[in-house]
Protein chains: 2
Amino acid sequence: MAVHVLTVLAYKEGDRVTSAFLAGSVNTNPVIIRRLLLDLQRARLIETTKGAGAGSRLSRAPGRINLAEVFRAVEEHETFGRPSGKPNQACPVAQCMRDELDRVFASARAALESDLERTTLADLMKAARDCACSDKKNE
Amino acid sequence: MAVHVLTVLAYKEGDRVTSAFLAGSVNTNPVIIRRLLLDLQRARLIETTKGAGAGSRLSRAPGRINLAEVFRAVEEHETFGRPSGKPNQACPVAQCMRDELDRVFASARAALESDLERTTLADLMKAARDCACSDKKNE
DNA sequence: CGAGTATGTAATATCAGTGATTACATTTGT
DNA sequence: ACAAATGTAATCACTGATATTACATACTCG
């Protein structure tokens, strides 16, 4: 959803877009969009103004925003599920499992983000232009 | 939890371990473990027998089971959330977003699994031996 | 300055996924 | 036959994401 919203903003480069418009594109509620926009603001990916005629826009060119930044802006929680409760003290394996898994998962997450870094919003815009959406009537 | 269970099985190499024992180590319910073991069986990572004196054991040496296999065995659902409802037909961006994101996310997931492939159960056992768990009294 | 517009935010409802628990049928070894 | 252990269904609690309504706040424009 975050990628979708940012891509719409990329299309409307420079123009301020309202949460109501974005909600229409994603087919969801404006409040959901506004909460998402708050995350994107904190990550400095967009700028938002209040009041009449206001809205949001990208704070950088689409070619300078990659999907790893979007991922980090939105995914504040852990990528993998950590063991929930306390480890069983009697089991030697349980003792170190948490720390060991943290190490492994941090590495895996880094690998994932490295891959996401290779795609920018501009790449997605280009792909969208090339795809079968050429049957748009209003333009 | 799957990694934890498999590591315990690696420790008890050859022996059959019951779901009740594993549940004790992970601090959860035996039924949860049994459902997990079914996934691991389908992935051919373990072999399970029924009846008295039965249980589960690894079907391969710990050095020949990597975490990518465990990931695939357990994570049947998509790694990333796909847009839920139908796309808004009036929005040109919405049209292609789904396919484009599928491509990007498939690549990211492949990168993640490649990283997980580099760690085997044997690696985790070695790390556990080296860690501060050396204060185990019963052995 | 006042009216309208749009965001920020709280409260609440719904829904899916995961874990927890109980119960029971089935299989298997002694 | 009995005991042990898995396979499995039914149910409950909990969490996270999405949805919706309502309202306070901030800003622009006439």
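Which helices and strands each supply at least two residues of the surface near DNA strand C?

## Surface near DNA strand C

In this predicted model, the elements that each supply at least two residues of that surface are helix 3 (30-42) and strand 1 (46-49) of chain A, together with helix 3 (30-42) of chain B. Helix 3 of chain A gives the most, with five residues. The residues of the surface divide into 12 polar, seven nonpolar and five charged.

Of the 24 residues around DNA strand C, those that come nearest are A:Ser19, A:Gly51, B:Thr28, B:Asn29 and B:Lys50. Sugar and phosphate account for 58% of the atoms of DNA strand C that come within 4 Å of the protein.

The side chain of A:Ser19 places an N or O atom 2.6 Å from a phosphate oxygen of DNA strand C. Bases are also approached: a polar side-chain atom of A:Arg34 lies 3.1 Å from a base nitrogen, and a polar backbone atom of A:Ala52 is 3.2 Å from a base oxygen.

## Salt bridges

Over all chains the count comes to 14 salt bridges. In chain A, the side chains of A:Arg103 and A:Glu100 meet at 2.6 Å, N to O; because these residues are three apart in helix 5 (residues 92-116), about one helical turn separates them. A:Arg103 is exposed at 54% relative accessibility, whereas A:Glu100 is buried at 15%. A:Arg72, A:Arg109 and A:Glu113 are linked in a network of salt bridges.

In chain B, B:Arg57 and B:Glu47 form a salt bridge with their closest N and O atoms 3.6 Å apart, and this pair links strand 2 (residues 55-58) to strand 1 (residues 46-49) across 10 residues.

Note on methods: Residues numbered from 1 in each chain as written. Chains lettered and ligands numbered in written order. Predicted model: local features only at pLDDT ≥ 70, side-chain atom pairs only at ≥ 80, totals over all residues. Heavy atoms only, no water. Near = heavy atom within 4 Å. Polar contact = N/O pair within 3.5 Å; in protein donor to acceptor, adjacent residues only side chain to side chain. Helix = DSSP H or I, 4+ residues; strand = E, 2+ residues; numbered from the N terminus. Nonpolar A, V, L, I, M, F, W, Y, C, P; charged D, E, K, R; others polar. Salt bridge = Lys/Arg side-chain N within 4 Å of Asp/Glu carboxyl O. Buried < 20%, exposed > 50% of the residue type's maximum accessible area, 1.4 Å probe, protein only.
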